[in-house]
Amino acid sequence: MAEIFVAKASDMQDGERRIVRTPKGEVGIFNYKGAFHAYANTCVHSGGPACEGVLVNKVLDIIAEDRTYQGQTFADEMHFVCPWHGYEYNIETGVCAGDPKLRLKKFETVVRSGDVYLVA
Ligand code: FES
């Protein structure tokens, strides 16, 4: 396994990402609440650049006790959205929101001496 320099940790603010090319393909590395999460930049749907999509909190339907729909709200769970057709992925797990059996390939990251490295 090789370590590939991503960025200085101080240059990646919360919610920022970098896309790194590796011999195994592109990988997206996110800083989310001070933790670094890395996933293959290949959507499980049709291979789109999933890690380049917008960040959005998970949307929840509000259902009353009588089972009537009361609108929507946002959960405290961050997703990124594939820009091609909208598959959403949990930024902390890579699991697809629409089908939990699907997930992006995950990579390890290491922070050493203030630098972020991808292990690929
Ligand atoms: S390729 Fe990502 S949603 Fe279709």
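This passage walks through the predicted model of one protein chain, from its overall make-up down to single residues.

The model is predicted, so to speak, with rules attached: local features need pLDDT of at least 70, side-chain atom pairs count only at pLDDT 80 or more, and totals for chains, interfaces and linings use all residues. Residues are numbered from 1 along each chain as its sequence is written, and side-chain values use heavy atoms, with hydrogens and water left out.

Start with the whole chain. The protein chain has zero helices and nine strands, where helices (H or I, at least four residues) and strands (E, at least two) are DSSP runs numbered from the N terminus. Read along the sequence, that gives the pattern β-β-β-β-β-β-β-β-β. Taken along the principal axes, the C-alpha atoms fill a box of roughly 55 × 30 × 20 Å. The accessible surface comes to about 7000 Å², and 50% of that belongs to carbon and sulfur atoms; these areas come from the Shrake-Rupley method with a 1.4 Å probe, and for residues only the protein chains shown count as cover. Of the 120 residues, 37% count as buried. Here buried means under 20% relative accessible area, exposed means over 50%, and partly exposed is anything in between (1.4 Å probe, protein chains only). As for contacts (heavy atoms within 4.5 Å), residues 24 or more positions apart account for 45% of those with a separation of 6 or more.

Six strands form an open sheet in the order 1-9-8-4-3-2, with antiparallel pairing. Strand 1 (3–8) and strand 2 (17–22) are the edge strands, each pairing on one side only. On average, neighbouring strands of this sheet are turned by 30 degrees against each other, direction ignored; the axes behind that value are lines fitted to C-alpha atoms (for helices, over the stretch in contact), with angles running from 0 to 180 degrees between N-to-C directions. Two strands pair if DSSP finds at least two bridges between them. In general, strands of a sheet pair through backbone hydrogen bonds, either parallel or antiparallel.

Strand 2 and strand 3 (residues 25–32) run antiparallel and are joined by six bridges; R18, for example, has I29 in strand 3 as its bridge partner. Six bridges also link strand 3 and strand 4, again in the antiparallel sense, and Y32 stands opposite A35 in strand 4. The hairpin of strand 3 and strand 4 has two residues between the strands, and K33 takes a positive phi near 55 degrees there. Strand 4 (residues 35–40) is mostly covered, with five of its six residues buried. Strand 4 is joined to strand 8 by two bridges, and these strands run antiparallel. A38 has F107 in strand 8 as its bridge partner.

Further along the sheet order, what does the side chain of D115 make a polar contact with? D115 is found in strand 9 (residues 115–119), and its side chain makes the contact with the side chain of K8, at 3.3 Å. A polar contact is a pair of N or O atoms within 3.5 Å; within protein, one must be able to donate a hydrogen and the other to accept it, and residues adjacent in sequence count only if both atoms are side-chain atoms. D115 counts as buried because its relative accessibility is 14%. Leaving aside residues up to four places away in sequence, D115 touches F5, A7, K8, A9 and V110.

Two loop residues deserve a look as well. S113 lies in the loop between strand 8 (106–112) and strand 9. Its phi is near 50 degrees, a positive value in a residue other than glycine, and S113 is exposed because its relative accessible area is 74%. R67 sits in the loop between strand 5 (55–63) and strand 6 (69–81). The phi of R67 is near 70 degrees, also positive in a residue other than glycine, and at 70% relative accessibility R67 counts as exposed. How far apart are the C-alpha atoms of G25 and R67? They are separated by 46 Å, with the two residues 42 apart along the chain. G25 itself lies in strand 3 and, at 30% relative accessibility, counts as partly exposed.

Finally, the cysteines. C43 is buried, with a relative accessible area of 5%, and C82 is buried too, at 4%. With a disulfide taken as a pair of cysteine sulfur atoms within 2.5 Å, the count comes to zero.
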